[in-house]
Amino acid sequence: MTTLPETTGKKLGLVIDLDKCVGCHACATSCKEWNTGGYSAPLSDHDPYGADPSGAWLNRIHSYEVESGPISKTVHFPRSCLHCEEPACVTVCPTGASYKREADGIVLVNPDTCIGCKLCSWACPYGAREYDHDDGVMKKCTLCVDRIYNETIPEEDRVPACVRACPTGARAFGDLGDPDSEVSQEVEARGGFNLLDEFGYKPVNKYLPPRFAKVDTPAPQIVEKEPVAPQNGSAVEKLFAWVDRALSS
Amino acid sequence: MHPAYSVILFTTASGAGYGLLFWLGLGHLTGLIHGAGWMPVITLTVALGLITLGLLSSAFHLGRPERALGAFSQWRSSWLSREGVVAVATYVPAGLWWLLWLFGNGSVTPFLGLLAAIGAAVTVYCTGMIYASLRTIRQWNRPTVPWIYIALAAGTGGLLLALLLPSTFAALAALISLGAAAVLKLAYWKEIDADPGQYTAEMATGLGHLGTVRPLDPPHSTPNFVMREMGYAVARNHALKLRKVALLALFALPLFLIFIGMFAGWLALVPAVLLAAVGVVTERWLFFAEAEHVSQLYYGKARA
Ligand code: SF4
Ligand code: SF4
Ligand code: SF4
């Protein structure tokens, strides 16, 4: 059903800390590894070790330079489906393959009914959906729906693969509809924000801002000194030191 | 946006087919077109043939054409689904009408013609709305877009009618709708040229309060689906040249040739139809190539 649920029981999503992310791509790699064997058909992977690799990935890590006055900062920026509350990627779908779950708000594609018309990818402002040319269906982040409720894996693994993989703790998973949840508290404390809030799809995923060094901190003074040859060596060393000084003056 | 040839062929061929069906239905309803002789039923066959060719071509655009039946289910929310439903519904009166003309029984055909004409207009409107409803692409998300689709379908269909069943009615139908399409299209180009886009890379990343944002390291070493599908761009000067081609081949020359045809006979309509075919394919190609998608803000576009 491609009409949106009026409310969802939970609003499961990710909180991504741009102050901690080091752009290592571990989350993207782990996502690909899990999801190529998971919920949908395998994620296409063409010429992976060759000159022209391509394929479907559900998480992409950009690195941006943010320039402000004399200081610029590198911000690593993971981008995946934000499981929006009011996304047209769901309502434009002609088959009902693209849907938002009423229970937890996860936005999914049913790989058995998708006809691969690609219209949903056109409706997503975040470029979060990638078409799989091998399966002829659309692929997107599933919030690892086949991990988070999966009782056959150890409890500590019941989080999205990207969250489990992140070495810096830049990714957190939880219910953003519950103001008392750990993720909501963190968003509150750090001033978490929506991507392209102006567009109005109401993303569930939140981003925490990177911190900047203070612009008025004086740059440390570095006094450059000419290296000096040691003075109290043997006669031969003194001779070389004298030649060195004589030649360089 | 990437101009996929299957979608260009679909929208132009089925557009002309629906336009022809529309005028044929209207002409028959008002008593200006009669079923006598072979030409009317051949014209109706051409209309249905173009529509079917277009629909088949759109099915080739799908990754899973064998599941296409599912696309009729979500008409409550999806313009693409609505288009499919109305397109199939239009086959019912149009097909009956075709059979009745083929076997020479004409008492209810004007009513079937009316139903087919309504179906044709609504289908083309739905096609236009698929694009016009996408807020991610400012060149498409405009009230003029569905009307351009309708006017161009009526114009190209009217030209075909003037070629196959020449009459003052057909010539006027083609003249008026092509003229309207020309006015709408010129206004459209002016509109999109004046709109720089309201979203920025700073909004897309949410980092605007920290400074200006530019890409440093790309997320992947070769273009992915999002870049290939949504990042297709045509050089500005190239686009301006193609706009001129479209203006000449789709509007100026055919309009002139319809005038000539009113006096010199239907032969003048042959080059008019061929030119309009080139023109409308160019127009449709540009409709895609000039469209910019908001997702490209993540890939180095400053505004969209
Ligand atoms: S990020 Fe894109 S794909 Fe995900 S829910 Fe929002 S609009 Fe849909
Ligand atoms: S590609 Fe699949 S999920 Fe997306 S709109 Fe088309 S049918 Fe729906
Ligand atoms: S694994 Fe963590 S640190 Fe590495 S790119 Fe992903 S979010 Fe950033």
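Chain B and chain A bury about 4700 Å² between them. Carbon and sulfur atoms account for 60% of that area. The model is predicted. Chain B has 304 residues, with 10 helices and one strand.

**Contact between the chains**
- Chain B brings 56 residues to the contact, and chain A brings 61 residues.
- Three residues, B:Leu210, B:Phe225 and B:Tyr298, supply 15% of the area that chain B buries against chain A.
- That is more than any other three residues supply.

**Fold of chain B**
- The order along the sequence is α-α-α-α-α-α-α-β-α-α-α.
- The one strand therefore sits between helices in the sequence, given the pattern of DSSP runs.
- Of the contacts between residues at least 6 apart in sequence, 76% join residues at least 24 apart.

**Dimensions and burial**
- The C-alpha trace of chain B spans about 75 × 45 × 30 Å along its principal axes.
- The radius of gyration of chain B is 21 Å.
- A compact globule with 304 residues would have a value near 19 Å, so the chain B figure agrees with that.
- Buried residues make up 54% of chain B.

**Surface and charge**
- Chain B exposes about 12800 Å², and carbon and sulfur atoms supply 74% of this area.
- The side chains of chain B include 18 positive and 11 negative ones.
- The centres of the positive and negative sets lie 2 Å apart.

Note on methods. Residues are numbered from 1 along each chain as its sequence is written. Chains are lettered from A and ligands numbered from 1 in the order in which they are written. This is a predicted model: local features need pLDDT of at least 70, side-chain atom pairs count only at pLDDT 80 or more; totals for chains, interfaces and linings use all residues. Side-chain values use heavy atoms; hydrogens and water are left out. Helices (H or I, at least four residues) and strands (E, at least two) are DSSP runs, numbered from the N terminus. The radius of gyration is taken over C-alpha atoms; the globule rule is 2.2 Å times the number of residues to the power 0.38. Buried means under 20% relative accessible area, exposed over 50%, partly exposed in between (1.4 Å probe, protein chains only). Contact means heavy atoms within 4.5 Å. Accessible areas come from the Shrake-Rupley method with a 1.4 Å probe; for residues, only the protein chains shown count as cover. Lys and Arg count as positive and Asp and Glu as negative; His and the chain ends are not counted. The place of a charge is taken as NZ of Lys, CZ of Arg, CG of Asp or CD of Glu. Buried area is the accessible area (1.4 Å probe) that two parts lose on being put together, summed over both.
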